[in-house]
Every structure is written in C-alpha cells, then in structure tokens.
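Dear colleague,

I am passing on the structure below, and would be grateful if you looked it over before reading my notes, which concern the ligand and the pockets.

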Amino acid sequence: MEYNVIHYEEIDSTNTEARRLSKGGAEHGLVIVAEKQTAGKGRRGRNWESPAGRNLYFSILLRPELKPKKAPMLTIVMAYSVAKVLHEQESLPVQIKWPNDLVLFKKKVCGILTEMNMNGCQVEDVIVGVGINVNTEGFPQELHDKATSLYLEKGVQIERKELLQKVLNEFQKQYVLFLEVQELSFLQESYNRMLINRNQEVLVLAPEGEYRADALGINELGELSVRKTDGSVENIFAGEVSVRGLYGYV
Ligand code: BTN
C-alpha cells in the first residue's frame, strides 16, 4: 500500500475528513493527520480531547476486500502495530486493553476508532483513526487518574513525525499479513502477551447483563475468550460487549 499523507493544522475530526474524502473517491492508503481536532471523536459517541501541537491524531482510509464482519479485526491490527512500535522502538511497556486501548502504567495513552462504510453488502471503506497522547504535559482533573502521555511516563519529548512514520510502517507490514489470511493467528500470541487483563478476573458488560469471568486472551477472530465462573468458555465480540477490570478502568 502506498500512503498519501495529508496534513492539516486544524480539522473537525481526521476520521470525518477521511470519510468526506472517501466519498469524493480518495484512494486506499490516504492518511489524514491533524495538529488539532475541534470535534475529535472517541468510541461510544464520546469526545476525544485534541489540543494543538502535542499529540498524534490521524486516520487511514482503507479499501480492503474483506467481509464486513472481519473489519473490526483491523482495529486489533492497528492496536498491535502501535503497541509493537512503542515496545520495540521507544522501550515503553505499553499494554493492550482489549480490543483497542493502549495503556501505560494503568492509564490510557492511545485510543482507536474504526468506522466502516458499506455499499450494499460490500465494504466500501474502513477508516482507522488513532489518537496517541504523545507530549501532553497534563490532563484536565477528570482525566487525571485515567489518562497519560508518552512524555509523562518517559520523561522526554518524542518526535511526533518520526513516531507517526514508524507506526505507519509497522501497520503496513501487519496489514499485508492480515489481508493474506484474513484472521489474526499470526499476531495472537504477541497480542496476548501485551493484554492487560490476561488471566485476571474482569467484568464483562454484555447487553443481557454483566458478569464476572477470567480473561484468557484473543482467539484468531479477535474475540476475547473468557472463562465464566461455571467453567464454560465464551468468546466475546467487540462492539457488543466491553470489559472492565473489577476496580475501574483496567
Ligand atoms: C477511543 O478510545 O474512544 C477512540 C479514540 C480515537 C481518537 C482518534 S484521534 C484521530 C481520529 N479522529 C477522531 O475523531 N478520532 C480518532
């Protein structure tokens, strides 16, 4: 995949801009990067704080030949790619909170928002948006215990452009591997090694109610396998179900 990177000083949301350009016919591999977002989107309709000049906000437009139900796996591929770069190139012990939050010393440092657009029964595009708290020096009171930045944990500023390049390179490699097989066993083991709740009791928040279970790890479809208290194993699907630690976020 050839990337075509467009950089904005300010935009409402890089995901929204990628969607607009996709509708206008933009090609696979378009990357929208912004210094600041005025309407940054988080998952579940939440807002993503996007102050200027400190962090990374970017979205990749993909046009994969993929069954729609497989598109959420791209979120896992991206979470894995970012985590791999932070481990291997920045020596930061990030962990993954399934499916797609990256956590550093129990606080969130990166979020991913994947949005799919359909044309009939076919995938028209998948937009993978990534927000990484890179050089932010502080957070509003309400986020103080929940969010951190690479700078706050590492103590040195990180060159954002270089980090973006590393993440794009790594994602490209993992994306190619994924598209070949269209499942996730090639990264399953390393993803699970970074999984924050692995072998721990979690609260599964399912539409039919919440229950306690032990998180075992992802399977080749990217579902989280959990062992319920009655010993049965359930595979839970992101989007329908979320998982929390028993005592808060992780
Ligand atoms: C989450 O954890 O809730 C997902 C956060 C995703 C934020 C990124 S920032 C770049 C891209 N553009 C957006 O509006 N959101 C994503």
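A pocket, on a 1 Å grid over the protein atoms alone, is an open set of points where a 1.4 Å probe fits, with protein on both sides within 12 Å along at least five of seven lines, and its lining residues have an atom within 4 Å of a point. This is a predicted model, in which local features need pLDDT of at least 70 and side-chain atom pairs count only at pLDDT 80 or more, while totals for chains, interfaces and linings use all residues. Residues are numbered from 1 along each chain as its sequence is written, and side-chain values use heavy atoms, with hydrogens and water left out.

The largest pocket is lined by 46 residues, and those nearest its centre are R46, N47, W48, D101 and K108.

Among the polar contacts (pairs of N or O atoms within 3.5 Å), a polar side-chain atom of K108 is 2.5 Å from an oxygen atom of the ligand, the side chain of S13 places an N or O atom 2.7 Å from a ligand oxygen, and a polar side-chain atom of T14 lies 3.0 Å from a ligand nitrogen.

With best regards

Key. A polar contact is a pair of N or O atoms within 3.5 Å; within protein, one must be able to donate a hydrogen and the other to accept it, and residues adjacent in sequence count only if both atoms are side-chain atoms.
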